[in-house]
Amino acid sequence: MPSAQPAASNKALARVDVDGHDLPPSPAPSSPQVGRRRYALATELVYTETKDQYGASSIPIYQSATFKQTSSNGGSEYDYTRSGNPTRTHLERHLAKIMNATRALAVSSGMGALDVISRLLRPGDEVITGDDLYGGTNRLLTYLKNNQGVVVHHVDTTDVDRVRAVLNDKTAMVLLETPTNPLIKIVDISTIARAAHDANPKALVVVDNTMLSPMLCNPLDLGADVVYESGTKYLSGHHDIMAGVIACADPELADKMYFTINATGCGLSPNDSFLLMRGVKTLAIRMEKQQANAQRIAEFLESHGFKVRYPGLKSHPQYDLHWSIARGAGAVLSFETGDVTLSERIVEAARLWGISVSFGCVNSLISMPCRMSHASIDAKTRAERQMPEDIIRLCVGIEDVNDLIDDLTRALVQAGAVTLTIDDFHANGASSGTSEEDSATASASASA
Ligand SMILES: Cc1ncc(COP(=O)(O)O)c(C=O)c1O
Ligand SMILES: N[C@@H](CCSC[C@H](N)C(=O)O)C(=O)O
């Protein structure tokens, strides 16, 4: 019995084995427009053309697992949603354009994206990565090390010489995060990419761009081979979906990763593809507001003597490096209080700031990474990697910045982290919406 032929765009690509063995070369992508921008990014985020027969201005949700074929040999563009779906394809082409990629692939989460990329590795391969990384990334790398025979080197990737010291011809992947989560350290993508390719021309430089999004950074333009992001964050922007995106310039590499997505079934669902597409359209305006708010909040905290980590502050030790690779500082910052229980009190006193993991969404969040997003890294490793247990991470949203500063001020005062009079409190940004009850709290704590 002849096997069903895959859909033109997806099927042709599905003919490639994950190792690239025994199969004919990949045909050219069916959509040559990918990766080509005509307008400024803010315009391209919004501008899309659907091929919908009714001229729908928003891509319809093709909520169908299967697609009818024109003959027993197939003949239709799609056959099965795990292999390809028009809503997902529309999103992927849009993402390829805004990520300056030849091809983008949408999967069910950011970790799903890293899983797909990591399946390019083989036992004995070496991976070089940072010593400050999102906890889930660290967990997956630890799994690969313990179960798949992959050698993982964690080094301080802010120091190019330390990376050079471990690069060798077995280096298959260099995995970078910048700014790092949660210590907001900056990594020189271009220099490391050059060094990695010098050490092994086949090494893949992979960048997790979740902390910046394509609005602020295009790692492929800086020498990276693969970029991935958690679409759960800035790209979708509302914390109502989980998603992941992978993009690259090399079509054969994209084919291999597509093979894994089809083989394992982690492609993004039609409904989530629709929601991610909708979210992406407002990325520019959300990011602009979130960054402006984050800058004000970082300055506010710094003015109170906290050690603030944010690349929008001139005091950031890698301020110049950051601005040489990125177009903005993003909206995630962290600060230390010097005392874990004090940090706990501040976080728990916040009202407007939701206590939650994640970032990049429209509402502001506060968290203690060592207990939350990075709890999967054991305490000993956290200490070895100099992650302060008291660190508080703020993920700034689009609210009125005065309300955010008021709420933070009240939390800091209530926790006993700062001492303010009511006059100071108002001078520090407390303005609209500050209730008498809040002011009274500030006064009472300040005099305590
Ligand atoms: C920097 C970074 N990369 C990747 C991920 C994974 O994304 P997801 O939660 O969508 O799997 C996260 C957060 O979860 C993250 O903070
Ligand atoms: N329980 C989750 C925690 C997810 S953290 C999400 C995000 N990347 C962040 O940094 O806040 C897990 O164990 O993965």
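**Exercise 1.** With 21 C-beta neighbours inside 10 Å, does Lys-233 count as buried or exposed, and where in the chain does Lys-233 sit?

*Solution.* Start with the criterion: a residue is buried if 20 or more other C-beta atoms lie within 10 Å of its own, exposed if 12 or fewer, and partly exposed in between, with C-beta atoms placed from the backbone. Lys-233 has 21 such neighbours and therefore counts as buried. Next, place Lys-233 in the fold: Lys-233 lies in the loop between β6 and β7, where helices (H or I, at least four residues) and strands (E, at least two) are DSSP runs numbered from the N terminus. Then list the partners of Lys-233: leaving aside neighbours within four places in sequence, Lys-233 is in contact with Thr-210, Ser-358, Phe-359 and Gly-360, contact being a C-beta distance within 7 Å, with these atoms placed from the backbone. Finally, consult the record: an unreviewed UniProt entry lists Lys-233 for "modified residue: N6-(pyridoxal phosphate)lysine", and such annotations, given in the numbering used here with shortened feature names, may be inferred rather than shown by experiment.

The model is predicted, so local features need pLDDT of at least 70 and side-chain atom pairs count only at pLDDT 80 or more, while totals for chains, interfaces and linings use all residues. Residues are numbered from 1 along each chain as its sequence is written, and chains are lettered from A and ligands numbered from 1 in the order in which they are written.

**Exercise 2.** Which residues surround ligand 2, and why does ligand 2 lie between the domains?

*Solution.* First, the division itself: an automatic or database domain assignment supplies the bounds, and the protein is divided into domain 1 (8-281) and domain 2 (284-447). Second, the shell, where a residue is near a molecule if its C-beta atom, placed from the backbone, lies within 6 Å of it: Tyr-134, Gly-136, Asn-181, Val-357, Ser-358, Phe-359, Ser-373 and Ser-376 surround ligand 2. Third, both domains give residues to this shell, so ligand 2 lies between them. By class, the shell has three nonpolar, five polar and no charged residues, where Ala, Val, Leu, Ile, Met, Phe, Trp, Tyr, Cys and Pro count as nonpolar, Asp, Glu, Lys and Arg as charged, and the others, Gly among them, as polar.

**Exercise 3.** How many residues surround ligand 1, and which elements give two or more residues to the shell?

*Solution.* The shell around ligand 1 holds 15 residues, the closest being Ser-109, Gly-110, Tyr-134, Ser-230 and Thr-232. The elements that give two or more residues to the shell are α4 (110-118) and α5 (135-147). Sorting by class gives four nonpolar, nine polar and two charged residues.

**Exercise 4.** How many residues of each domain take part in the contact between domain 1 and domain 2, and which element gives the largest share of the domain 1 side?

*Solution.* The count is 31 residues of domain 1 in contact with 32 residues of domain 2. On the side of domain 1, α2 (41-46) and α5 each supply at least two residues, and α5, with four residues, gives the largest share. The residues of this side divide into 17 nonpolar, nine polar and five charged.

**Exercise 5.** Where do the cis peptide bonds from Thr-178 to Pro-179 and from Asn-181 to Pro-182 fall, and what phi values do His-239 and Ser-358 take?

*Solution.* As background, most residues other than glycine have a negative phi, and most peptide bonds are trans. The cis bond from Thr-178 to Pro-179 has omega near -15°, whereas the cis bond from Asn-181 to Pro-182 has omega near 15°. Pro-179 lies in the loop between β4 (171-177) and α7 (189-199), and Pro-182 also lies in the loop between β4 and α7. Turning to phi, His-239 has a positive value of about 50° and sits in the loop between β6 (226-230) and β7 (244-248), while Ser-358 has a phi near 80° and sits in the loop between β10 and β11. His-239 counts as partly exposed because it has 19 C-beta neighbours inside 10 Å, and Ser-358, with 16, likewise counts as partly exposed.

**Exercise 6.** How many residues of helix α14 are buried, and what covers the buried residues of α12?

*Solution.* Helix α14 (residues 401-415) is mostly covered, with 13 of its 15 residues buried. Just after α14, Gly-416 takes a positive phi of about 85°. In helix α12 (residues 340-349) the buried residues are Ser-343, Ile-346, Val-347 and Ala-349, and their cover includes β10 (354-355), β11 (365-367), β12 (392-395) and α14.

Note on methods
Two residues are in contact if their C-beta atoms, placed from the backbone, lie within 7 Å.
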